[in-house]
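Let's take a friendly walk through a protein structure, one piece at a time. Keep the 3D view open and follow along as we go.

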Amino acid sequence: MSKRIDVKDLNVYYGDFLAVEDVSINIEAKSVTAFIGPSGCGKSTFLRTLNRMHEVIPGARVEGEVLLDGDNLYGPGVDPVTVRSQIGMVFQRPNPFPTMSIRDNVLAGVKLNNKKISKGEADVLVERSLKGANLWNEVKDRLEKPGSGLSGGQQQRLCIARAIAVEPQVILMDEPCSALDPISTLAIEDLINELKDQYTVVIVTHNMQQAARVSDKTAFFNIAGTGKPGKLIEYGDTHTIFSNPVQKATEDYVSGRFG
Amino acid sequence: MTSTVSPVRSKRSALTKGQLPKYAPYAVLAAALIVGAAILALVGFNAFGWGVVSAILFAIGLVSWSAAVEGSRKAKDRLATCLVVGSFLVALLPLVSVIWTVLVNGIPGLLNPGFLTNSMNGVTGAFDNKAVDSGGPVLGGIYHALLGTVQITLLATVISVPVGLLTAIYLVEYGNDGRLARAITFFVDVMTGIPSIVAGLFAAAFFFVVVGPGTKTGAVAAVALSVLMIPVVVRSSEEMLKIVPNELREAAYALGVRKWRTILKVVIPTAISGIASGVTLAIARVIGETAPILVTAGFATSINTNVFGGWMASLPTFIYTQILNPTSPSNPDPSSQRAWGAALVLIILVMVLNLVARLVARIFAPKTGR
């Protein structure tokens, strides 16, 4: 239940502005891949092109191919909604739906699409998803309470539970811990380690220790300067990137001598 | 006021300046009222002048005392406070005056038996003359007008809310600030400024062309009111939809939810409390309109439950006709009593609608309990 992603010569534009230039990368199934790099280097933009979420921003478009197990996400006639139901996403700030209970938040992907689901199946799905997000024990007695009453870390795990409830192939995470305290961060990192048994996980992070802790492979993005497009500088095993990088820029960045 | 020696004065440090005692404003106020009364007594006493003169004296007195003791910064602060409070009182004055007048004049009419349950059908000048001459009961009531107001406003709401809400959804979710969206925004703003009589004439002319000459029904009035209501609904719903965080839309998209379902199931439920209270306030805004109803629904004296046929009374037009054309021209008092009663009912209706708006906003607001 997880697929690989192959990106070929991808350019991302906002209107006429080239934001990310010529990225080619192969993301393995059932692995954790981390994107690191300075702010504004296009790693979040690139992440969003992996499930066509960038299209929400007016004027954003791409050139190139993104293959999900060989199927081009940008092929003619591909419905972005289908893409997104296969490739889930967790955002920087926890964003549970404020009008829904914890249980309904988990079931949002099913209920908002008006799929019929029996109460028994729903109960099973809620329990499995919340257990998958390591949140079940904390919320099992208050599933009918609003999701916005949880702490920030719990809300973020609720969002992860919501994402895995639709059973995607790939989960994209855009700085999922940047708004959280160290303990909640640890809980999410443990969770990422468990998620990779079933899912392909791609995570954007500003925290290099986090990238080193959770990822199997790391991609370093950089920009030459303001107004220039972001580029993929180096991609390889996390261990190699952090201990023995090929590029000078990568070494400078991971050792903290840069920016 | 008990005047105690301020303890601050005894232990003055290098960090404090002089301070006015706590009772200073009250003392100045008392002095200003007395001096004001004395001045007014010289030129002829009246309550309004007393208030104005006292307020000016109070401001001058307090600010100059403060300047002498506390320094110029504190004095400016007190001057600003005086101006703010003064403006507030000036703004409040008409409101209190209106409510007081309507209460005093309206309660006798409202307490009249049958006022809320009878229409004016069959009530002629002869009854009013009799009521004045021999002190009998004032007959007739506002039931027909109340019923008309409720029907016309309800129909106007039924027309305006879907149109207004859908327009707002287009502007926020689909317009992308394009040419059409900007044109709509502009014309909605223009519509906000349309004089209500023009809206009434539009509806009358529209039905003249479509149905035939002289068409005056509740439905025509409802169309006229919707012309006034739609821009208000669009504006308030647009603002409410705009403040729904984009993150919630993205969260729904990322779950593979289609755009229209996202709007229907996530965006609108999140904004519904604001939308509902905006709609209620729009209703309160049009329920007191007189001119457009006068030219579109006419004025009836009997109960009409069919909003699509026949002339229909409403509270504002009822007030208007009772004052301008009293039922008994020689004894207008019973008519004016009925008009004041109707005015009181109208104000109560608007107030209740405002309370309902708050209640609705609270009921629909997203819960944050733990």
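## A word about contacts

Two residues are in contact if their C-beta atoms, placed from the backbone, lie within 7 Å. Keep in mind as you read that this is a predicted model.

Is A:Met173 buried or exposed? A residue is called buried if 20 or more other C-beta atoms lie within 10 Å of its own. A:Met173 has 28 other C-beta atoms within 10 Å, so it is buried.

Which residues does A:Met173 touch, leaving aside those up to four places away in sequence? They are A:Val90, A:Val201, A:Val202, A:Ile203 and A:Val204. One of these, A:Ile203, is also the bridge partner of A:Met173 in β8(A). As for A:Ile160, it is 13 residues from A:Met173 in sequence, and the C-alpha atoms of the two are 9.1 Å apart in space.

## The strand around it

Now zoom out to the whole of β7(A). Five of its five residues are buried, so the strand is largely enclosed by the rest of the structure. Which way do its residues point? A:Val170, A:Leu172 and A:Asp174 point one way, while A:Ile171 and A:Met173 point the other way.

The strand β7(A) has a partner in β6(A): the two run parallel and are joined by four bridges. Here A:Val170 of β7(A) is the bridge partner of A:Ile87. Strand β8 of chain A (residues 200-204) also runs parallel to β7(A), and five bridges join them. In this pairing, A:Val170 has A:Thr200 of β8(A) as its bridge partner.

## The sheet

The unreviewed UniProt entry lists residues 5-248 of chain A as "domain: ABC transporter". Over residues 5-248, chain A is 34% helix and 27% strand, and the end C-alpha atoms are 27 Å apart.

In soluble globular proteins, nonpolar side chains tend to be buried together. In this model, the largest nonpolar core has 147 residues, and A:Ile171 and B:Ala342 touch the most other members. Helix α9 of chain B (residues 218-242) gives the largest share of this core, 16 residues.

Beyond residues up to four places away in sequence, A:Ile171 touches A:Gly88, A:Val90, A:Ala163, A:Ile164, A:Leu195, A:Tyr199 and A:Val201. There is also a second, separate core of five residues, which includes B:Val28, B:Phe58, B:Leu62 and B:Val63.

## Where the two chains meet

How many residues of each chain are in contact with the other? There are 25 from chain A and 22 from chain B. On the chain A side, α2 (80-86), β6 (87-90) and α4 (108-111) each supply at least two residues. The largest share, three residues, comes from α2(A). By class, this side of chain A has twelve nonpolar, nine polar and four charged residues.

Notes
Residues numbered from 1 in each chain as written. Chains lettered and ligands numbered in written order. Predicted model: local features only at pLDDT ≥ 70, side-chain atom pairs only at ≥ 80, totals over all residues. Buried ≥ 20, exposed ≤ 12 C-beta atoms within 10 Å, placed from the backbone. Nonpolar A, V, L, I, M, F, W, Y, C, P; charged D, E, K, R; others polar. Core = buried A, V, L, I, M, F, W, Y, C linked by C-beta atoms within 7 Å. UniProt positions renumbered as here; feature names shortened; annotations may be inferred. Pairing = 2+ DSSP bridges.
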